[in-house]
Amino acid sequence: MKYMKLGSKPDVFQAEGSNIRFVATELATDIVISIGDVKFYLHKFPLLSKSSRLQRLVASSNEKNDEVDISDIPGGPSAFEICAKFCYGMIVTLNAYNVLAARCAAEYLEMFETIDKGNLIYKIDVFLTSSVFRTWKDSIIVLQSTKSLLPWCEKLKVINHCIDSIASKASIDPSEVEWSYTYNRKKLPSENGIDSHWNGVRKQPMVPSDWWVEDLCELEVDLYKRVIMTIKAKGSTPAVVIGEALRAYAYRRLLGSLEDAVSNGVDCTKRRAALDAIIFLLPAEEGSVSCGFLLKLLRAACLLESGESHRVNLIKRIGTQLDGASVSDFLIPRNTDESNIYSIDLIMAIVEEFMLQNSDSVKEKIQDDEEIVEIENVTSVSSMSKLAVAKLIDGYLAEIAKDPNLPLPKLIALAEMVSSLPRPTHDGLYRAIDMYLKEHPSLSKSEKKKLCGLMDCKQLSQDACMHAVQNERLPLRVVVQVLFFEQVRASIASARSDPSSELPSAVRSLLPRENGNSIGSSRSAATTTTEEECGVPASSDINSLRSMRLANNSSGSERSSGSSDINKNSDDKSAAGKAKGMLMPKKILSKLWSGKTNAGENSSSDTSESPGSVNPEEVKSTQSRITRRSVS
């Protein structure tokens, strides 16, 4: 910090009493300066020789022992004390903490050059220009002190000088930074000097591009906003650095203990002002701030019940980079008028924005034929975004499914919004469905049918299938579908190991394509037939399918563990096993489908009994060979 000393005479002031600040002791005093309850007993000559305002005040006073009241002086008694000491020629120490108050007090007292050459205003201005405004932290300290000195600081344009000084330093090349700054965040290895050797010569640690971010967090919202606007106007600071500055400021002034403050009824006026400023200052460039940070701002806007314009603005921005979000960021608390734990409608609005922007990009590709190469690159990135968003929503559905107050139509509506997005598997949907069934055991048969219709059994992984066939919460018809497609998959695996065999076209049509989508719709004709046209098979048939699948798997493992000395016999047996594997599903499944012709309670299309209703003896024999596995 820079200091400046003015004057050379010894101290002639002496403190006396609680209300009398200083008394001149060398000569009899002839003027009293009152500032509130503080009084200064001084001499007219040294004061009037340098202050035009005091000359007018004394001239207008009719009292014999002049007393002048200047309670409205900026900076109060401490600032006037500096001015009075200067008038007496005493040593005065100026620094970043008191220089602005002294400057405003000198302006108030009209201590101009026209009154006395080398007056206080001139000397303070020289100190500010040559020292304070050239120092990074002193400029910030002076800017912070302006709040208590308005409107004098605005009149003197000190605030503008400070802001311009700070913005200019923040905008220079980091390699030119030679002053101290605060930086407590994690640095790159090269910035820490860990990886700063080349040919045995140690290089100087690099200055991070966001070196100035933490120091500015000390500013109040209105001043911070003006500084960032000036930095952006200079145009030399990358948008990513601006975004990092806003993120650091948000954690310091807005997000810290926000939920506790709201729940405890603490006044959040300053937090709302910080939110308004941060949203206003967000860079327009996509990717300048992370999607997670935008979601945290949206969460804060909901907690603080800010204006609708903030939410609309944030929802549009989040929709452009939704693939960068995480499930934890999506868990935004509900509004007070909602019964759910989380704000589902807000997430649906974000997903709708993402889907709308995705459809616009497709239209652009069709209409613009001159930029085919560029558009194709965009769509390839968009495909990755779709995969990420589908995974994100599946994970979010599994989390909100734990809410006992979540209505089924809202869950289904959100899942159907992203039903067109590609998924490698439907394991995430299955996990959400299973979680909802667990938390809502009172669902009707028709509601379970609608819920399970969200997933495609053909696109479940082997682990998910193993879990599903033992899941007593699933409707029986869904278990049949899972077993059926597992048998089809097993038959395909057997056929592929024997090049001479060829799959029937009916079986091939049921398989998923290589891109993960089934032939036809995501719910294939075979699945629809199973749900709507076929009767419910007997429990023994279900267990036969389970046992046959496990037998096929065990026979395959036995074949793979055989020695090379019995390869020929093992090949003959495997061929017979393949033929049996192709015939057995056909025989048993035909028996399953024959249930349609039988009248009775099993013919109802809404039947959704639990797998737990099968023959206990058969379940016992089957489950002894099945290892229960869960889908993560």
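How many aromatic pairs does the count come to by the rule applied here?

Reply: The model is a predicted one, in which local features need a pLDDT of at least 70 and side-chain atom pairs count only at pLDDT 80 or more, whereas totals for chains, interfaces and linings use all residues. Residues are numbered from 1 along each chain as its sequence is written, and side-chain values use heavy atoms, with hydrogens and water left out.

A pair of aromatic rings is described by the distance of the centres and the angle of the planes. Under the rule, rings of Phe, Tyr and Trp (for Trp, its six-membered ring) pair if their centres lie within 6.5 Å; planes under 30 degrees apart count as stacked, those over 60 as edge-to-face, and the rest as tilted. The count by this rule comes to 8 aromatic pairs. Among them, Tyr224 and Tyr249 form a stacked pair, with 3.8 Å from centre to centre and 10 degrees between the planes. This pair links distant parts of the chain, 25 residues apart: Tyr224 belongs to helix α11 (residues 221-234) and Tyr249 to helix α12 (residues 239-255). Helices here are DSSP runs of H or I of at least four residues, strands are runs of E of at least two, and both are numbered from the N terminus. Tyr224 counts as buried at 1% relative accessibility, where buried means under 20% relative accessible area, exposed over 50%, and partly exposed in between (1.4 Å probe, protein chains only). Tyr249 is likewise buried, with a relative accessible area of 1%.

Phe484 and Phe485 form an edge-to-face pair, because their ring centres are 5.1 Å apart and their planes stand at 75 degrees. Both of these phenylalanines are buried. Ring pairs also link Trp136, Trp179, Tyr181 and Trp211 into a cluster.

Rings take part in a further kind of arrangement, in which a charge sits over a ring if NZ of Lys or CZ of Arg is within 6 Å of the ring centre and within 35 degrees of the ring normal. Lys225 lies over the face of Phe280, at 4.3 Å from the ring centre. The charged end of Arg53 sits over the ring of Tyr108, 3.9 Å from its centre.

Helix α4 (residues 99-109) has 11 of its 11 residues buried, so it is largely enclosed by the rest of the structure. Just after α4, Glu110 takes a positive phi of about 60 degrees, although Glu110 is not a glycine. Glu110 has its place in the loop between α4 and α5 (120-130) and is buried, with a relative accessible area of 16%. Ser257 is another residue that is not a glycine and has a positive phi, here of about 55 degrees. Ser257 lies in the loop between α12 and α13 (258-263) and is exposed, with a relative accessible area of 52%.

The strand β4 (residues 31-35) is also largely enclosed by the rest of the structure, because 5 of its 5 residues are buried. Ile31, Ile33 and Ile35 cover one side, while Val32 and Ser34 lie on the other. Strands are taken to pair if DSSP finds at least two bridges between them. By 5 bridges, β4 is joined to strand β5 (residues 38-42), and the two run antiparallel; in β5, Lys39 is the bridge partner of Ser34. With strand β6 (residues 66-69), β4 pairs in the parallel sense over 4 bridges, and Val32 stands opposite Glu67 in β6.

Confidence should be read alongside these features. It is given as pLDDT, the predictor's confidence in each residue, from 0 to 100. The protein chain averages 75, and 66% of the residues score at least 70. Helix α11, which holds Tyr224, has the highest confidence, at 96, whereas helix α26 (residues 525-533) has the lowest, at a mean of 38. Residues 4-23 stay under 50, yet the model has 65 contacts for them beyond four places in sequence, a contact being heavy atoms within 4.5 Å.
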